[in-house]
Amino acid sequence: MAICKVLRMGAPGLLEPALPVKRFGAPELLALVEDMDDTMAAEEGVGLAAVQLGVGLRVIVFGFDDNFRYPDAPPVPKTVLLNPVIQPLTENVEEDWEGCLSVPGMRGLVPRCTRIRYSGSDSAGRPLTREVSGFHARVVQHECDHLDGILYPQRIRDLRRFGFIEELAESGSMTLR
Ligand code: NI
């Protein structure tokens with residue numbers, strides 16, 4: 001059990017595509033997932049990808065009951081997802097404010113598909129599939145992007161809608177969700 005350092009934008013590890021997990025249930029994998037849970041809890045994030053801890057494996061964790069960073073977001077079940085695959089269920093795309101533990105103190109307006117099916121497996125290799133929408137769908141798309149070396153600023157359509165949380169909130173550009 002450990003709280004790990006989260007890589008920040010600019011670290012080359014965040015730009016590398018991650019490799020699929022093959023050894024489900026392996027002690028190193030379980031230790032990684034525990035570190036990710038501990039780190040996400042300590043940083044009060046809504047999700048975390050293994051690459052953010054410098055481990056190039058397709059592992060994400062996400063979920064919360066309530067979160068001060070996104071006070072109006074509905075709860076998302078606490079989930080560990082390995083080798084995730086996303087399938088869009090609509091062509092609808094919605095923009096909303098997004099942040100990332102690797103881009104601390106900032107937010108940007110990011111377009112995401114509003115409804116997706118995602119599948120993958122838990123750390124023991126048991127399959128998991130869900131159909132979700134809204135914030136839940138947004139979080140999973142954000143975390144899966146990390147596995148392909150993509151950070152949310154790369155998705156922002158208008159970089160005038162990217163900045164420091166305090167400035168965006170103060171100027172009224174961003175309605176805190
Ligand atoms: Ni992130």
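Student: Across which strands does helix H1 lie, and at about what angle to E2 does it run?

Tutor: This is a predicted model, and in it helix H1, residues 27–43, lies across E1, strand E2 (59–64) and E3, running at about 40° to E2. The buried residues of H1 include Leu29, Leu32, Val33, Met36 and Met40, and what covers the buried residues of this helix includes E1, E2 and E3. H1 has 17 residues and reaches 24 Å from its first C-alpha to its last, which is close to the 24 Å expected at 1.5 Å a residue. Just after H1, Glu44 takes a positive phi of about 55°.

Student: In what order do the five strands form the sheet, and is the pairing parallel or antiparallel?

Tutor: In general, the strands of a sheet pair through backbone hydrogen bonds, and the pairing may be either parallel or antiparallel. Here the five strands form an open sheet in the order E1-E2-E3-E6-E7, with antiparallel pairing. Strands E1 (47–49) and E7 (127–133) stand at the edges and have a single partner strand each, so one side of each is left without a neighbour in the sheet. On average, neighbouring strands of this sheet are turned by 35° against each other, direction ignored.

Student: How many bridges join strand E3 to strand E6?

Tutor: Five bridges join E3 (residues 76–88) to E6 (residues 115–121), and the two strands run antiparallel; Ile86 stands opposite Tyr118 in E6.

Student: Which residues are the protein donors of the nickel ion?

Tutor: The donors are Cys100 through SG, His142 through NE2 and His146 through NE2, lying 2.1 to 2.3 Å from the ion, and in sequence these residues are spaced C-x41-H-x3-H.

Student: Where do His142 and His146 lie, and how many residues apart are they?

Tutor: An α-helix has 3.6 residues a turn, so residues three or four places apart point the same way. His142 and His146 both lie in helix H2 (residues 134–147), four residues apart, about one turn of the helix. Both His142 and His146 are buried. As for the helix that carries them, H2 lies across E1, E2, E3, E6 and E7, running at about 155° to E2.

Student: Is Ala49 buried or exposed, and with which residues is Ala49 in contact beyond its neighbours within four places in sequence?

Tutor: Ala49, whose place is in strand E1, has a relative accessible area of 0% and is therefore buried, the cut-off for that word being under 20%. Leaving aside neighbours within four places in sequence, Ala49 is in contact with Met36, Val59, Ile60, Glu143, His146 and Leu147, and among these His146 is one of the nickel donors.

Key. Residues numbered from 1 in each chain as written. Predicted model: local features only at pLDDT ≥ 70, side-chain atom pairs only at ≥ 80, totals over all residues. Heavy atoms only, no water. Donors = N, O, S within 2.8 Å, 3.2 Å for Na, K, Ca; no water. Buried < 20%, exposed > 50% of the residue type's maximum accessible area, 1.4 Å probe, protein only. Pairing = 2+ DSSP bridges. Axes fitted to C-alpha atoms, helices over the stretch in contact; angles between N-to-C directions. Contact = heavy atoms within 4.5 Å. Expected span 1.5 Å × (residues − 1).
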